[in-house]
Amino acid sequence: MSLLRPGSSTDAELLIEAGGYYLRPPIMSDFRNWVELRAESRAFLKPWEPLWPSDDLTKTGFRRRLRRYSRDRKEGRSLSFLLFRARSDDILGGLTLSNIRRGVSQTTTLGYWMGQRHAGKGHMSAAVAMILPFCFDVLGLHRIEAACLPSNMPSIRLLENAGFHREGYARNYLLINGSWQDHLLFACLAEDHAARPGKVAPSVEGILKEFL
């Protein structure tokens, strides 16, 4: 498909597509659009994210980010995606499956961010609806975990609407915006997802063998 067109790197050879959106790993040619969206959204994102490195919005910082993503993929530890609108190829935000555990766990942790100008329009809900069947049906995972700040009502609504269940409250769980902060803990199990009506059935092209 033409959506795999940005370069020949194996890091771009995974595509998840449904409902006018697609997810794929970031590549170097995404830098200009990525940095523009992140820079204009900095104040919007700052309360919900770890502190950004001083060179985060530079090409050097982006290359370092891509190297880390590539290493984590090769080691089967995480998958990072950018979210695009299919009709325009605009970057809307990003989504990560981190800390992938196999064996008796079969679990990953879901994280996401949305550019300020695209927030509140249902884009991330569409992305999560795409990534859940990928996790359960393609990667064969059993449990998807997520955490958010108790004050982040949009994220709480997103997770609950996607079929996640609130499971607990973790004190000083993550270092966010320079300070340790409490988080609400959520999870969606394969059986939770299977029982939901009207599930998305995304098309998936390519997969790295490390995750199978």
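The dialogue below goes through a predicted model, feature by feature.

Student: Let us begin with the cores. Which residues have the most contacts inside the largest nonpolar core?

Tutor: A nonpolar core is a set of buried nonpolar residues joined through their side chains. The largest one here has 38 residues, and those with the most contacts inside it are Phe-81, Leu-95, Leu-97, Ile-131, Phe-134 and Phe-164. Helix H4, residues 123-138, gives the most to this core, with 10 residues. Ile-131 shows how the parts come together: beyond its neighbours within four places in sequence, Ile-131 touches Ile-16, Leu-23, Phe-81, Leu-95, Leu-97 and Leu-110. Another core, of 15 residues, lies apart from the largest one and includes Val-35, Leu-66, Tyr-69 and Phe-84.

Student: How many aromatic pairs does a search of the whole structure find, and how is the geometry of a pair read?

Tutor: The search gives 4 aromatic pairs. One is formed by Tyr-22 and Phe-84, with ring centres 4.8 Å apart; the pair is stacked because the planes meet at 5 degrees, and planes under 30 degrees apart count as stacked. This pair links distant parts of the chain, since Tyr-22 is in strand E2 (residues 21-24) and Phe-84 in strand E3 (residues 79-85), 62 residues apart. Both Tyr-22 and Phe-84 are buried.

Student: Which arrangement do the rings of Trp-34 and Phe-62 have?

Tutor: Their centres are 4.9 Å apart and their planes lie at 45 degrees, so the pair is tilted. Here too distant parts of the chain are linked: Trp-34 belongs to helix H1 (residues 31-40) and Phe-62 to helix H3 (residues 59-74), 28 residues apart. Trp-34 is buried at a relative accessible area of 3%, and Phe-62 is buried at 1%. Ring pairs join Phe-31, Trp-34 and Phe-62 into a cluster. A charge may also sit over a ring: Arg-38 lies over the face of Trp-113, 4.6 Å from the ring centre.

Student: Which residues other than glycine have a positive phi?

Tutor: Most residues other than glycine have a negative phi. Asp-89 is one of the exceptions, with a phi near 65 degrees; Asp-89 sits in the loop between E3 and strand E4 (91-101) and is partly exposed, with a relative accessible area of 23%. Asn-172 also has a positive phi, of about 45 degrees. Asn-172 is found in strand E7 and is partly exposed at 48%.

Student: How many disulfides does the model contain?

Tutor: A disulfide is a covalent bond between the sulfur atoms of two cysteines. The count here is 0. The sulfur of Cys-135 has its closest cysteine sulfur, in Cys-188, at 9.4 Å, which is too far for a bond. Cys-148 is likewise in no disulfide, with the sulfur of Cys-188 nearest at 15 Å. Cys-135 is buried at 0% relative accessibility, and Cys-148 is buried at 4%.

Student: Finally, is Pro-202 buried or exposed, and what does Pro-202 touch?

Tutor: Pro-202 lies in the loop between helix H6 (190-194) and strand E9 (203-205). Pro-202 is buried because its relative accessible area is 18%, and buried means under 20%. Not counting residues up to four places away, Pro-202 touches Ile-16, Glu-17, Ala-18, Met-130 and Pro-133. The C-alpha atoms of Pro-202 and Gly-19 are separated by 8.1 Å, although the two residues are 183 residues apart along the chain.

Definitions and conventions. Residues numbered from 1 in each chain as written. Predicted model: local features only at pLDDT ≥ 70, side-chain atom pairs only at ≥ 80, totals over all residues. Heavy atoms only, no water. Helix = DSSP H or I, 4+ residues; strand = E, 2+ residues; numbered from the N terminus. Buried < 20%, exposed > 50% of the residue type's maximum accessible area, 1.4 Å probe, protein only. Contact = heavy atoms within 4.5 Å. Disulfide = S-S within 2.5 Å. Phe/Tyr/Trp six-rings, centres within 6.5 Å; stacked < 30°, edge-to-face > 60°. Lys NZ or Arg CZ within 6 Å of the ring centre and 35° of its normal. Core = buried A, V, L, I, M, F, W, Y, C linked by side-chain atoms within 4.5 Å.
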